[in-house]
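Visitor: Can you walk me through this one? I'll ask as I go.

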Amino acid sequence: MKIFIDAPSKKKHPFLEQVERETGEDLSHCYQCGNCSGSCPVSDEMEIPVSQIIRFVTLGQERTVLESNSMWVCVSCFQCQNNCPKCLDPSKVMEGLRRLSLRKGHAPIDMTRVTGEFIERSPQQAIVAGFRKLVP
Amino acid sequence: MDSIPYYPGCTLNTVAKDFDLSARDAFRLLGVELAELAKWNCCGSSFPLTPNNAIALTGPTNVLVQSQKEGGTVSTLCSFCYSTLKRTNEAVKEDKEDKKNLINNFLGTDYDGSVKVVHLLEVLRDDVGYPELKKHVKRDLKKIKVAAYYGCTLLRPKGVAIDNPERPQIFEDFLQAIGCQPIEFSHKGECCGSHLAMSREDIVVKLSGKVIDAALAGGAEMITTTCPLCFYNLERSQKHTQESTGEGSTLPMVYFTQLLGLALGMPVEDLDLPKNFSDPRSLLAAKGIVEEAVSVGA
């Protein structure tokens with residue numbers, strides 16, 4: 001008996017479509033080599049490392065992804081992008097997930113933890129860049 | 001004297017004034033006037049990574065429009081400003097759809113991405129040139145061992161990197177030209193923790209701590225950066241380690257323009273060198289590079 005891939009199952013999950021539209025990245029390129037997670041300086045702080053985030057997205061696991069802390073500890077250092085053999089940009093995926101998560105009403109950063117001393121003494125770029133990550 | 005349009009950005013205008021002033025003075029000694037843009041605004045500090053976020057491109061585009069009016073080049077010092085302006089410029093230049101029109105309509109401009117965005121390290125390499133720079137050196141820095149910390153945004157993404165992102169050399173070459181001995185260390189392009197300073201200081205302490213440890217392991221006597229946020233994070237991390245463990249060696253820190261000013265013979269008191277944890281004065285005095293240090297920490 002010949003076995004074929006079932007045509008309807010090739011249809012993309014709506015969450016995957018949404019993420020791809022938001023980020024401009026084609027996640028079907030990812031073959032899960034793990035270079036992004038390996039080069040990521042905050043992998044061990046993430047509940048789901050970046051390569052697995054991409055896998056969860058392609059599987060349509062919206063809640064798991066959006067409720068994880070992963071995109072909120074991403075530092076946008078672009079190591080993942082620099083090391084991707086398929087020229088994907090996982091930092092864009094993280095940014096897209098931050099925005100989608102905010103639109104769902106998640107409030108990932110406790111602003112009461114931002115001290116007055118920090119606002120006074122820190123470089124403006126830290127405050128601006130930090131708040132930029134909170135724009136849905 | 002040559003003049004080059006210069007965008008200081010918010011941080012250099014406030015908490016990192018020492019970075020800004022040392023650059024202006026040092027470049028003047030090299031015959032380059034850093035001409036601050038007549039009008040400028042915040043670049044937004046981080047480049048909007050998702051493509052459908054045109055509004056975040058308007059701020060940096062406005063800076064580029066002003067730069068175009070003032071000669072078509074803009075130089076920067078802060079790594080964030082450099083990256084944001086350069087990436088925005090590329091995004092506008094390469095845009096085939098209606099994003100460019102949207103931004104231009106919003107700003108009332110007709111910008112096409114023609115400005116050249118450069119970092120002042122590139123100006124030292126390409127315009128001044130290291131042989132010329134060497135001729136201007138007035139003070140012997142006695143081959144002091146310096147770790148050149150690039151951080152992230154000068155090297156990545158590779159399309160806007162100031163040098164080879166895997167094996168950068170520009171910072172080391174500069175240090176060599178002014179009489180320092182650049183050291184090799186594993187973390188010169190690793191992240192300091194960046195904007196997580198606001199929400200997750202624990203991560204910043206950890207990441208910056210690794211950078212400091214790697215520099216010390218490489219034999220550094222001092223570390224130099226091009227970014228006020230890297231500087232802040234590395235300093236916070238050293239302070240935290242000292243306070244929590246009561247030990248651990250601290251590494252004096254300076255901006256690269258302060259080292260440049262020092263090499264060009266600027267008086268130490270004009271350089272506004274860092275105080276407290278990263279004060280390099282006693283090291284400089286011990287090396288005999290400057291006269292005996294006077295305590296200014298109080």
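**Domains, helices and the chain contact**

Guide: In chain B, 23 residues of domain 1 are in contact (C-beta atoms, placed from the backbone, within 7 Å) with 22 residues of domain 2. This is a predicted model: local features need pLDDT of at least 70, side-chain atom pairs count only at pLDDT 80 or more, and totals for chains, interfaces and linings use all residues. Residues are numbered from 1 along each chain as its sequence is written, and chains are lettered from A and ligands numbered from 1 in the order in which they are written.

Visitor: Which helices supply the domain 1 side of chain B?

Guide: α1 (9-12), α2 (17-29) and α4 (79-94) of chain B each give at least two residues to the side that touches domain 2. The largest share, eight residues, comes from α2(B). Helices here are DSSP runs of H or I with at least four residues, strands are E runs of at least two, and both are numbered from the N terminus.

Visitor: And where are the domain bounds in chain B?

Guide: Domain 1 of chain B covers 2-120 and domain 2 covers 130-286, with bounds from an automatic or database domain assignment. Their C-alpha centres lie 24 Å apart.

Visitor: Switching to the sheet in chain B. What's the strand order?

Guide: The order is β6-β5-β7-β8 in an open sheet of four strands with parallel pairing; two strands pair if DSSP finds at least two bridges between them. β6 (181-182) and β8 (253-255) of chain B are at the edges with a single partner strand each, so one side of each has no neighbour in the sheet.

Visitor: How many bridges join β5(B) to β6(B)?

Guide: Two bridges join β5 (residues 145-148) of chain B to β6(B), and the strands run parallel. B:Val146 has B:Pro182 of β6(B) as its bridge partner.

Visitor: What lies across those two strands, β5 and β6 of chain B?

Guide: α8(B) does, running at about 155° to β5(B). Axes are lines fitted to C-alpha atoms, for helices over the stretch in contact, and angles run from 0 to 180 degrees between N-to-C directions.

Visitor: Is α8(B) mostly covered or mostly uncovered?

Guide: Mostly covered, with six of its eight residues buried, meaning that 20 or more other C-beta atoms, placed from the backbone, lie within 10 Å of a residue's own. The buried residues are B:Ile170, B:Phe171, B:Glu172, B:Phe174, B:Leu175 and B:Ala177. Their cover includes α6, α7 (130-136), β5, β6 and α12 (256-263) of chain B.

Visitor: At what angle do α6(B) and α8(B) cross?

Guide: The axes of α6 (residues 120-128) and α8 (residues 170-177) of chain B come within 10 Å and cross at roughly 65°. B:Leu121, B:Leu124 and B:Arg125 of α6(B) make the contact with B:Ile170, B:Phe171, B:Asp173 and B:Phe174 of α8(B).

Visitor: What follows α8(B)?

Guide: B:Gly179, with a positive phi near 95°.

Visitor: Now chain A. How many helices and strands?

Guide: Chain A has nine helices and zero strands. The C-alpha atoms of chain A fill a box of roughly 70 × 30 × 25 Å along the principal axes, and buried residues make up 43% of its 136 residues.

Visitor: How many residues of each chain are in the contact between A and B?

Guide: Chain A gives 34 residues and chain B gives 34 residues. On the chain A side, α1 (14-23), α6 (79-83), α7 (90-103), α8 (116-121) and α9 (124-132) each supply at least two residues.

Definitions and conventions:
A residue is buried if 20 or more other C-beta atoms lie within 10 Å of its own, exposed if 12 or fewer, and partly exposed in between; C-beta atoms are placed from the backbone.
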